[in-house]
Amino acid sequence: MSPALALENITCTFVSREDRTQRYTAVKDTTLAVAPGEFVSVVGPTGCGKSTLLNIAAGLLEPSAGRVAVFGETLLGINSRAGYLFQTEALMPWRNALGNITAGLEFRGLERHEYLEKGDEWLRRVGLGGFGDRYPHQLSGGMRKRVSLAQTLILNPQMLLMDEPFSALDIQTRQLMENELLELWSADRKSVVFITHDLEEAIALSDRVVVLSAGPEAHPIGDYRIDLPRPRDVAEVRLTPMFLELLAEIWHSMKDEVLKGYAQQRR
Amino acid sequence: MRNSGANLGLRVWQVALLAGVFLAWHLLSVPGIVPPLYFDDPYRAAFLFGEPLKVFGRIWNWFIGGDIYRHLWVTLVETMLAFVIGTVSGVAIGIWLALAPTASAIFDPYIKALNAMPRVILAPIFFVWFGLGIASKVALGVTLVFFIVFFNVYQGVREVSPVVLANARMLGASQKQLLRYVYLPSAMSWMFASLHNSVGLAFVGAVVGEYLGSSEGVGYLILQAEGVFDINTVFAGILVLTAFALVLDWAVTLAEKRLMVWQPRSGETERI
């Protein structure tokens with residue numbers, strides 16, 4: 001069976017628009033495969049090209065070299081089988097919560113009563129029943145994230161691409177959202193690529209953690225299987241000895257890269 | 001309660017200021033009340049500055065006699081037509097040029113030149129082209145409104161958040177749907193930001209056009225009165241126009257409140 005998502009020898013070089021000789025290779029020679037139903041986290045120091053990798057998987061960005069395959073088919077243009085959760089605000093501010101959730105269905109040309117019905121159902125599923133007529137600026141950060149989640153999941157994508165979706169939330173809200181994500185995910189096990197700089201979050205959520213080196217020319221330097229039993233509670237699983245062992249092991253391999261990345265940023 | 005009390009106090013002061021200005025005007029202009037301070041002739045001040053009681057008398061006669069309504073209606077029609085045509089063309093061309101970088105690069109110097117040109121000097125040309133009816137006034141108003149709306153919409157479309165755009169694309173929006181569901185609403189929000197300006201300029205276009213040559217409209221009333229040195233009527237026309245502009249502005253504020261519910265207002269603490 002072909003993997004849900006396969007990145008093969010991806011290199012991504014950005015060229016400065018003003019000066020063509022100024023180049024920056026964010027990602028180099030990266031190969032990554034995600035099996036159907038697998039939850040993979042990609043961790044790495046800040047500025048290492050994690051988001052670049054995700055944008056390539058989403059089809060928002062074309063790699064300079066290499067191939068992206070989705071369920072065995074080479075990806076051309078937008079990855080229509082994927083749902084994308086952005087790090088920053090991505091909701092349309094001129095649509096209320098319900099309008100944002102149903103946007104994808106409207107784009108697909110569903111009848112009004114159909115998408116409203118589904119939208120209401122998803123509002124309730126993410127715990128926002130009764131908030132459908134609120135505009136994004138009237139919702140808290142955590143609520144906006146839930147709207148984003150519902151907006152993506154209502155389309156029933158076969159894979160989820162998540163770019164540090166919870167990094168802007170406070171720690172309590174964040175753990176709540178992480179548990180909700182695991183619950184929603186366990187219902188139908190989509191493939192997930194979860195980008196984060198938080199190693200603990202990665203271990204608590206994932207089946208596999210991939211560690212990227214510091215940029216430029218970032219590439220995977222470690223691939224760890226997380227065999228913690230499911231279902232998990234992200235707050236409790238952090239206290240188990242197995243979690244701490246994994247954390248120590250992966251952190252050990254990451255530490256040098258983090259320091260390298262930090263040193264580069266200070267330069 | 002405190003707040004409304006403070007508001008009431010403000011209102012009282014505002015009305016008192018207005019009354020004071022009119023009282024000073026009355027005392028200084030009506031012959032014989034205050035000895036002439038500057039002019040040798042006691043009737044000179046009234047001739048140059050009018051007399052408030054006569055001005056109000058004129059306004060009263062206009063509204064009671066019903067003469068003014070036809071002129072106000074003409075000015076309103078000119079303003080609205082200029083506003084609608086200028087806004088629609090500004091939005092359409094603004095979106096088009098914002099999404100077509102090559103066309104935008106070609107047109108850029110000409111748009112800047114047209115915008116820099118003092119467009120009121122186009123009025124004589126419009127009179128030749130469109131005659132002395134409302135069409136020439138609408139044309140003048142459109143040239144004023146168009147650029148305000150155009151620049152705002154152009155900016156608005158170019159500043160659509162790339163994340164919102166990428167999100168809409170990931171949700172499966174086609175190019176056409178991006179235009180309708182993302183670019184257009186964003187452009188509209190910028191258009192509304194310039195609404196007060198553009199309605200005001202449409203009004204300026206209408207009145208200036210009337211003043212330069214017409215057979216009806218409030219500007220025409222002022223032009224006629226000026227021709228016979230009837231300063232009281234000129235002032236009456238100015239006061240009516242000012243009140244009219246305030247009503248327009250108030251209508252715009254109402255429309256804004258209804259249409260822009262999704263925009264956060266400062267001081268709003270409705271987060272839950």
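In this predicted model, the largest nonpolar core has 119 residues. The residues with the most contacts inside this core are Ala57(A), Leu161(A), Val193(A) and Val145(B). Helix H7 (residues 134-158) of chain B supplies the largest share of the core, 15 residues. The surroundings of Leu161(A) illustrate the packing: leaving aside residues up to four places away in sequence, Leu161(A) touches Leu54(A), Ala57(A), Ala58(A), Ala82(A), Tyr84(A) and Val193(A). In soluble globular proteins, nonpolar side chains tend to be buried together.

Chain A contains an open sheet of four strands, arranged in the order S2-S1-S4-S5 with antiparallel pairing. Strand S2 (23-34) and strand S5 (73-74) of chain A form the edges, each pairing on one side only. In general, the strands of a sheet pair through backbone hydrogen bonds, in either a parallel or an antiparallel manner. Eight bridges connect S1(A) and S2(A), and within this pairing Phe14(A) has Tyr24(A) in S2(A) as its bridge partner. S1(A) is also joined to S4(A), by five bridges in the antiparallel sense; here Thr11(A) stands opposite Ala65(A) in S4(A). Strand S4 (residues 65-70) of chain A pairs in turn with S5(A) over two bridges, again antiparallel, and Ala69(A) faces Thr74(A) across this pairing as its opposite residue in S5(A). Helix H1 (residues 50-58) of chain A lies across strand S1 (5-15), S2 and S4 of chain A, and runs at about 120° to S1(A).

The contact between the two chains involves 23 residues of chain A and 20 residues of chain B. On the side of chain A that touches chain B, the elements giving two or more residues are strand S6 (82-85) and helix H2 (97-107) of chain A. H2(A) gives the most, with three residues. By class, the residues on this side of chain A comprise 13 nonpolar, eight polar and two charged.

In chain B, helix H10 (residues 195-212) packs against helix H11 (residues 218-227) at an angle of about 35°, with the two axes 7 Å apart. The crossing of H10(B) and H11(B) is right-handed. From H10(B), the residues Val207(B), Glu210(B) and Tyr211(B) meet Val218(B), Gly219(B), Tyr220(B), Ile222(B) and Leu223(B) of H11(B). The contact of H10(B) with H11(B) has six nonpolar residues, one polar residue and one charged residue.

Some backbone features of the loops also deserve mention. Most residues other than glycine have a negative phi, and most peptide bonds are trans. A cis peptide bond, with omega of about -5°, joins Arg230(A) and Pro231(A). Pro231(A) is placed in the loop between strand S10 (220-225) and helix H7 (234-237) of chain A. Glu217(A), a residue other than glycine, has a positive phi near 55° and is found in the loop between strand S9 (208-212) and S10 of chain A. Glu217(A) counts as partly exposed because it has 18 C-beta neighbours inside 10 Å. Phe229(B), likewise not a glycine, has a positive phi of about 55°. Phe229(B) lies in the loop between H11 and helix H12 (231-259) of chain B, and it counts as exposed because it has 10 C-beta neighbours inside 10 Å.

Note on methods:
Residues are numbered from 1 along each chain as its sequence is written. Chains are lettered from A and ligands numbered from 1 in the order in which they are written. This is a predicted model: local features need pLDDT of at least 70, side-chain atom pairs count only at pLDDT 80 or more; totals for chains, interfaces and linings use all residues. Two residues are in contact if their C-beta atoms, placed from the backbone, lie within 7 Å. Ala, Val, Leu, Ile, Met, Phe, Trp, Tyr, Cys and Pro count as nonpolar, Asp, Glu, Lys and Arg as charged, and the others, Gly among them, as polar. Two strands pair if DSSP finds at least two bridges between them. Axes are lines fitted to C-alpha atoms, for helices over the stretch in contact, and angles run from 0 to 180 degrees between N-to-C directions. A crossing is left-handed if the near helix is turned anticlockwise from the far one by less than a right angle, and right-handed if clockwise. A nonpolar core is a set of buried Ala, Val, Leu, Ile, Met, Phe, Trp, Tyr and Cys residues joined through C-beta atoms within 7 Å. A residue is buried if 20 or more other C-beta atoms lie within 10 Å of its own, exposed if 12 or fewer, and partly exposed in between; C-beta atoms are placed from the backbone.
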